Amino acid sequence: MTSKTTPAIHSGPRTEKKTIAALKAAGATVVYGMGPKGGIGKSLTGRLVIDGALAAERQVRIAQVDRAPTLPQLYPDQTITIEVPGVEEMRSDSLAAIRVFEPLEEMVQSIAKSDGLGVVDIGAGQNQRAFLNFVARARFDRFLVDQGVRPIAMVLMTADPSAMVQSANLMEELHLVHPAAEIVPVFNLRDGAFKFLFGTPAHKIYIDRILPLLKDRHRVTLPAIAAGAWPLFETAGMTFTEAVMADEATLIAKLGMSRLMVTALQGDVSEFLSVVWPRLGAIAGFSVGAFDAHRQ
């Protein structure tokens with residue numbers, strides 16, 4: 001059997017090094033975190049963008065299109081929650097799925113006035129379908145253009161074959177209903193690299209469905225964080241910024257571990273951020289202090 005593998009994924013076209021001031025002046029932007037199913041990394045990516053932008057002192061507004069309480073708990077003063085109506089409610093009221101998204105209009109107008117950054121974390125399944133329906137029926141695409149707001153749709157995918165197919169379908173649908181949006185594939189390597197044995201179904205899906213969608217598009221690769229490093233901070237209710245900025249005494253108290261352990265874990269998270277913040281910031285328009293914005 002041949003040993004050919006899938007061509008390696010890179011982080012996309014290189015972005016010229018930008019100063020922090022230039023990134024802050026990138027203009028009003030709204031970033032959607034989307035993906036075909038739960039647990040694929042949508043909220044993780046959203047939180048990375050949020051924390052990176054806040055650390056870079058950009059004004060941030062957040063919308064969570066889901067019933068999960070994560071973002072409202074972490075960013076209570078900046079987050080609105082949009083709960084998509086149930087199937088029966090949408091059947092009895094054709095405008096129900098439009099009405100619940102009305103807070104996004106105020107959010108967009110606020111971003112436009114301040115050149116701020118909006119992050120919209122969209123849950124999978126019914127949440128995603130309702131959002132796409134809203135974008136199409138409410139002409140949200142044109143509204144964003146009229147407001148001068150740049151939309152970016154970060155579509156998560158993992159190396160799972162079914163997830164790749166669903167992510168490809170989502171990207172194609174987004175292109176139809178939201179043509180103004182820059183669609184950025186985000187390859188989450190937590191379950192392994194996108195390298196497949198030549199001739200396997202996974203390889204065929206990648207070649208036939210994913211590679212054509214990458215042409216002339218920026219894309220982002222999220223490396224796998226050190227095993228077990230981030231969940232401990234997440235359980236403690238900490239943001240990425242808090243995790244890397246906290247002193248040893250705070251971490252020992254919050255994580256209930258020794259100084260040696262918390263120091264190692266903090267180092268793992270810092271190393272992860274040193275890679276992903278420059279990559280995401282080059283797309284969303286932020287740069288965090290000492291992190292090298294040119295690092296790909």
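I start with helix H7, residues 126–137: at 1.5 Å a residue its 12 residues should span 16 Å, and its end C-alpha atoms are 16 Å apart, which agrees. The expected span here is 1.5 Å times one less than the number of residues in the helix. Helices (H or I, at least four residues) and strands (E, at least two) are DSSP runs, numbered from the N terminus.

Before going on, the ground rules. This is a predicted model, in which local features need pLDDT of at least 70 and side-chain atom pairs count only at pLDDT 80 or more, while totals for chains, interfaces and linings use all residues. Residues are numbered from 1 along each chain as its sequence is written, and side-chain values use heavy atoms, with hydrogens and water left out.

Back to H7. Its buried residues are Asn127, Gln128, Ala130, Phe131, Leu132, Phe134 and Val135. By buried I mean under 20% relative accessible area; exposed is over 50%, and partly exposed is in between, with a 1.4 Å probe and protein chains only. Just after H7, Arg139 has a positive phi of about 50°.

Now the chain as a whole. There are 14 helices and 7 strands in the protein chain. Of its 296 residues, 48% are buried. A contact means heavy atoms within 4.5 Å. Taking the contacts in the chain with a separation of 6 or more, 75% are between residues 24 or more positions apart.

Next, confidence. pLDDT is the predictor's confidence in each residue, from 0 to 100. The protein chain has a mean pLDDT of 87, with 89% of its residues at 70 or more. Over residues 1–25 the pLDDT is below 50, and this stretch has 53 contacts in the model beyond near neighbours in sequence. At residues 292–296 the pLDDT also stays under 50, and there the model has 18 contacts beyond four places in sequence.

Let me turn to strand S1, residues 29–34, where Thr29 is found. Is Thr29 buried or exposed? Thr29 counts as buried, because its relative accessibility is 0%. What does Thr29 touch, leaving aside its neighbours within four places in sequence? The contacts are with Ile111, Gly116, Leu117, Gly118, Val149, Arg150, Ile152 and Ala284.

Gly39 is exposed, since its relative accessible area is 52%. Gly39 and Gly123 are 84 residues apart in sequence, and their C-alpha atoms are 9.7 Å apart in space.

In helix H2 itself we find Leu44. Leu44 counts as partly exposed because its relative accessibility is 27%.

H2 gives the most, with 4 residues. By class, the lining has 11 nonpolar, 7 polar and 6 charged residues. Here Ala, Val, Leu, Ile, Met, Phe, Trp, Tyr, Cys and Pro count as nonpolar, Asp, Glu, Lys and Arg as charged, and the others, Gly among them, as polar.

Two loop residues deserve a mention for their backbone. Glu57 is not a glycine, yet has a positive phi of about 65°. Glu57 sits in the loop between H2 and strand S2 (60–65), and is exposed, with a relative accessible area of 64%. Asp216, not a glycine either, has a positive phi of about 60°. Asp216 is in the loop between helix H10 (201–214) and strand S7 (220–222), and counts as exposed at 73% relative accessibility.

Last, helix H6, residues 103–114, which contains Glu105. Glu105 is partly exposed, with a relative accessible area of 41%. Glu105 and Phe143 are 38 residues apart along the chain, and 8.6 Å separates their C-alpha atoms.
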